[in-house]
Amino acid sequence: MKIRKVLVTAANPRQRTLPLQTLIDPRGEPKSALQVVLEEAAGAGIEEFGVVVCPGDESAYAEACGALRDRVRFIPQPAARGYGHAVLCGRSFIGDEPFLHLVGDHLPVSHTATSCARQLIEVAVAEDATVSAVQPTRESQLTAFGAVGGRLVGGERPLYQVESVLEKPTPTVAEQQLIVPGLRAGFYLCFFGMHVLGPEVFGLLEELGRAEPDRPLGLSPALHLLAARRRHLALSVAGRRFDIGAPYGLLFAQLALSLSGRDRDRVLTQLVELLATRAD
Amino acid sequence: MRPGLVEIIGSEVPAVRDTALELWCEGRSLDELLAACRELDAYRRRETNLYRRVRALFFIAAIQRYHLPAQPGLTRAGRVPHDGFRHLLERRFEEAISVFLRAQDETGPSETLASALAAAHHALAFQTLADQVRRTVRSTRGNAWMFRLGHPEDQPLRVRRELLAPAEEPAEFPLLRELTAVRMDLTHCGWSDIFFLGMDFPEGARVLNVSIDLGVHGRDAAPRPPVEAYFRVIPEPVIRLASVDLGAQAVLATIDDVFDFGRDHLGLLKAAIIAAGIVPPGIERSGAGLAELLAGVCGHGRGFELVSNVNRIPKGSRLAVSTNLLGALIGVCMRATAQIGSLTGPMTEPERRIVAARAILGEWLGGSGGGWQDSGGLWPGIKLIEGTPASPGDPEHGVSRGCLLPRHTLLGPDRIPVEARRRLQESLVLVHGGMAQNVGPILEMATEKYLLRCGPEWAARRQAVATLDEILALLAAGDIKALGRALTDNFRGPLQSIIPWVSNRYTELLIERARAAFGEDFWGFWMLGGMSGGGMGFIFAPHRRTEAQQRMLEIMLATKRELESSLPFAMDPVVYDFAINEQGSVAALLRGDEALLPAAYYEQAAPAWLRREARDLSSRERGDLQRFTRAARNRPEFTRALPALLDRMLPSADGAGSAADQLERMLAENGFDRAQHEQIRTDLRAGRIGLAMNRLPASTRIEDAAPGDLFDSTSTNATLRLAGEAALRRGEVAVVTYAAGVGSRWTQGAGVAKALHPFAKFDGRHRSFAEVHLAKSRRSGREFGQPVPHVFTTSHLTHAAIERRLAETAAADGLEVRLSAGKSIGLRLVPTVRDLHFAWEETAQQRLDEQKEKMRGSVRAALANWARSAGEGADYTENTPAQCLHPVGHWFEIPNLIKNGTLAALLAARPQLKVLLAHNVDTLGATADPGLLGWFLSSGATLGWEVIPRRIEDHGGGLARVDGRLRLVEGLALPREEDEFALTYYSTNTCWIDIDRLLALFGLKRDELADAGRTAAAVRAMAARVPTYVTLKDVKKRWGHGQEDVFPVAQFEKLWGDMTAVPECANVFATVPRQRGQQLKDQAQLDGWARDGSAAHVESLCGW
């Protein structure tokens, strides 16, 4: 199994400018959020890049791709019919092979020398299975993410067999359906915005879209179906994801990037100065 | 060899495990029983299984309460260590047990210590069970997160987008409405829906439960889902609450407001908000702001409004209205915050289960508790609800045999055909009998008896479990006639075998009269809920059902009128119309002109809006007013609300005026002394009298009575007995029963004549206290060939009712009965805050469990505010006139005989009369016993007093040497509370009176009794020599549809026992057996009274 392609979704009409935001990467270089995401994929050995966008955003996004600009194919989503539909738009680009899927408004920051995407792809290849990156998340943030329920597979890696997937559950529902033995009380495995998926996910999305044509199509219901039919794993990656669409999300993402790189001391010094000189 | 108790508890063999404790105890010696208690105590301390531990605790409690006292070799008198008692009050049960056991080791076992150990083990057993239910509720999946959440930033719940209006029209938020049924239980298998039972005996926990729509017959057009809950977002950062039925509204602006359950009548709505997780329990006392929390949930500057309505269904309907309302409120809140998937329409099974689990949590938060079937109205139609064995993965696994939540199996048309449902509806007349009852003690009794496996009760329980299958089969077959018979048999058989107190005179009369009126067409009686008298069902042949609805209402009303002075009624009876609800709880999202709250909501809210300038109205208020106006034009129920709305704006004073007139009239008729009343008020306000001032000076020396100070009546003395028998044969004795009281504790202030309360069955039917006392006099008269005259002293509250009842019963069999009408009356006062605090903080109080304690704290703060705002020491007139007046203590009872001519009449009719035996109405064992009479006659004393060795539940003073004088001292007069625990003997208030010596003490002679002026002066002079005590009494105020509030009010009283402190009064004292001196103050005592043989003893004294 080889993962050659990445599908990035960045077609949320309410967040069209998010991937264009500029951040300073750990090496101190200014980059767009989109470029950070694409480079995460490139660093994991991805060769072909597909980005699902709102129609008309192609040129602006192309500008934001940096050095990868010429290797990126933009796929317009004709109408905003949900996250799952955006993934489905990438079907012809992906074809019949497994692929890496990233979301354009989540920035991953690895805790190790291996990038988050590479950690995920290594597991997917080794296990020959669909794998979603997850992060133990406090129940107070549950309603911002998709979440999985399941059990620990065992072995050296924090790898879980997924049994159910729910999109933005309340803790009430999560406690009933998504308890994962071994996690701290009040923590759930929430999506990282990063998956290695097989092409069968498109069939499932299509099936769900046909069943309820008038409702926005989500990815989580398709992954829930997938977990019932195929081996679906979840890897708790050694890293953190930052939702730059959340309030202060971009700021925290920038801080995480800076504090993990060259300018760590400089940023810390500035922060301390800010803390010390706060005006009433 | 018979297995030991520990083996019985731990056995896996049902036949051994279900051995009845009483069977095991039969024939055991005192030492064997004490050894068994020690073994059980060690066992329960090492055992990890909850229910085995609890069963061991109940075994110890029962041995100490029933089996040890029955041992002739047990020492009767002992002392309860005060520190142990304090531990008990503070709910430190383990510490209390240790103290009592240490005392037992040091001083040897005694009946007194056995009562203390029984109370402590009993309380610890229930505490252990309740703690476990709470832990399970908290750890139930879906509930636990709410206890971890402590900061508004962590609140993950958000109101659904569908409920948030477009920004430009803030007043037009849509309205989410939940309509919910209530539930009837066809049979509950002997209260098997109590959590404790379901969790220990899941296979026996079975309920047939039906969701129904309801209407009041003759008032409502058609049955409808009676429970309604409404949720809408509002453009203010507060929570608005309104209960349409209670006419109560509140605005909650802080998190503390949400947790303040007792402040108003909206505790249920607050509990729902907490249990729904919007203001989660973990955030209490976090210091967080409500606006901040609401900003996360509803958006900045927004809050929400929650409105409840139960369509005027009276409280106590036994249809679980309040649990289903809680379920509806929680359901609507959970729908609004996406905790359950369905925004509208019915709920799915997992959704109903989580709402039911939250309702259990809400009931715990609110300090109440229902059965596990009570939220059945959330489910549709007819269902079988059964206990579920706990399996691995359940939080209950390894702790209890069953799960907290039961399994619901919907019985669709395949199991109960449509035709059968129709037949049931065509035959059943559903009613509310109007009685107000506290089911709590019944549930405790059922739990205890189950855990003890008491022989007949255990057999009855198994029969009840089997009955359910029979009832189910009959229902499925549509054989309603046989169903009626089976339900009646269940009521008469298993239910009354387990708990005899589920029936009462009222219910028995209704059944009897229904049968008389309808003969063979009356098919059966059906008890709803925990006991009868409130919600009940009567089953008739379908062709007579319509007639039966009207006739039953007439029968109930007439029977209520007959019994209302003796049984506690909260309201007039009603007949319901009902229909099976096949939907369960259903929600709808209402927008625009459809977004209407109940018409009564506007009736209550609109007057305040209309009194203000239009420009001052908020956008929400303006929007509501406009919508209501449009609705009033074309919807009849809203048009009808308009006159009531106008009435509210211009309140009429008619009702208040007539009540005030009636009060004045009653005061005038009953000898109210206005000057004395004003003096008491002045003294009370000035702090010259009050609860703290009741006490004797701190320097008073209080010592226990020595054994030589009293006569031991348990030792037989033939000479005295013969002397007593001779006096009885000569007709020298009359009995006086104090019957002026209304049983403040007996009916929690319901204001019925306690003497007339038909509290238990004797000789095949319910009999009142008065009937039992007369039966004893009747028997005494037969035995000694001389009728024993019997006097009942009455008050304004009881005189008319007792006179009417005795005229019916006593005259018929030639008993010589007289009434001595009380002519002293007091007007209750609003208490001082000082006295309230003294009562709550300075006197020993039973600490309640955590949530109930919070509730009580909140209620007390509200009561202190009430006292301040109503005016401390002001006349208490905000109630029915009868509840505003009070009797002035039993000191006046005997002097009244002198004043009102009763004694003179007695002596005229029977000049040989020498002795009176006076006793409380609830001292059922008191008789004109020849042995005691002989002792008293031989003593030459003026007054002879009966005392009993104290048990832990006996409070209120006792026999003491006070500064060297042997006398009775009231508990409220003791300088320190702990003094009471040094006193071995407790007063029964039964008093032998030598008539001539008493008259001499009052400065009177027999021939002066006709001189009203002289007798009045003599009584006044003596009254001045005995102390006046200020006390607080709980008084019920009834309102709305069966609602009740309890207010503590101040009153004063003088007590007869203080005659022992009058220097020239010669007193003697005798210790009597418990069965003779036991008083029944609380209905919760009844079961123990029956089980320990006291009831049989009383029966043996009676002649019917």
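Predicted model: local features only at pLDDT ≥ 70, side-chain atom pairs only at ≥ 80, totals over all residues.

1. Chain B contains an open sheet of 7 strands with mixed pairing, and the strand order is β6-β5-β7-β4-β1-β15-β8. At its edges lie β6 (248-252) and β8 (345-346) of chain B, each of which pairs on one side only.

2. A parallel pair within the sheet. In chain B, strand β5 (residues 239-243) is paired with strand β7 (residues 303-309) in the parallel sense, over 5 bridges. Within this pairing, Arg240(B) is located opposite Glu305(B) of β7(B).

3. Geometry of a helix pair. Helix α12 (residues 267-275) of chain B packs with helix α14 (residues 321-336) of chain B at an angle of about 45°, and the axes are 9 Å apart. Because of this angle, α12(B) is oblique to α14(B). The crossing of α12(B) and α14(B) is right-handed.

4. Residues of the helix contact. From α12(B), the residues involved are Leu268(B), Leu269(B), Ala271(B), Ala272(B), Ile273(B) and Ala275(B); they meet Ser322(B), Leu325(B), Leu326(B), Leu329(B), Ile330(B) and Cys333(B) of α14(B). By class, the contact of α12(B) with α14(B) comprises 11 nonpolar residues, 1 polar residue and no charged residues.

5. The contact between chains. How many residues of chain B are in contact with chain A? There are 14 residues of chain B in contact with 13 residues of chain A. On the side of chain B that touches chain A, 6 residues are nonpolar, 4 are polar and 4 are charged.

Note on methods:
Residues numbered from 1 in each chain as written. Chains lettered and ligands numbered in written order. Pairing = 2+ DSSP bridges. Helix = DSSP H or I, 4+ residues; strand = E, 2+ residues; numbered from the N terminus. Axes fitted to C-alpha atoms, helices over the stretch in contact; angles between N-to-C directions. Parallel < 35°, antiparallel > 145°, perpendicular 65-115°, else oblique. Left-handed = near helix turned anticlockwise from the far one by under 90°. Contact = placed C-beta atoms within 7 Å. Nonpolar A, V, L, I, M, F, W, Y, C, P; charged D, E, K, R; others polar.
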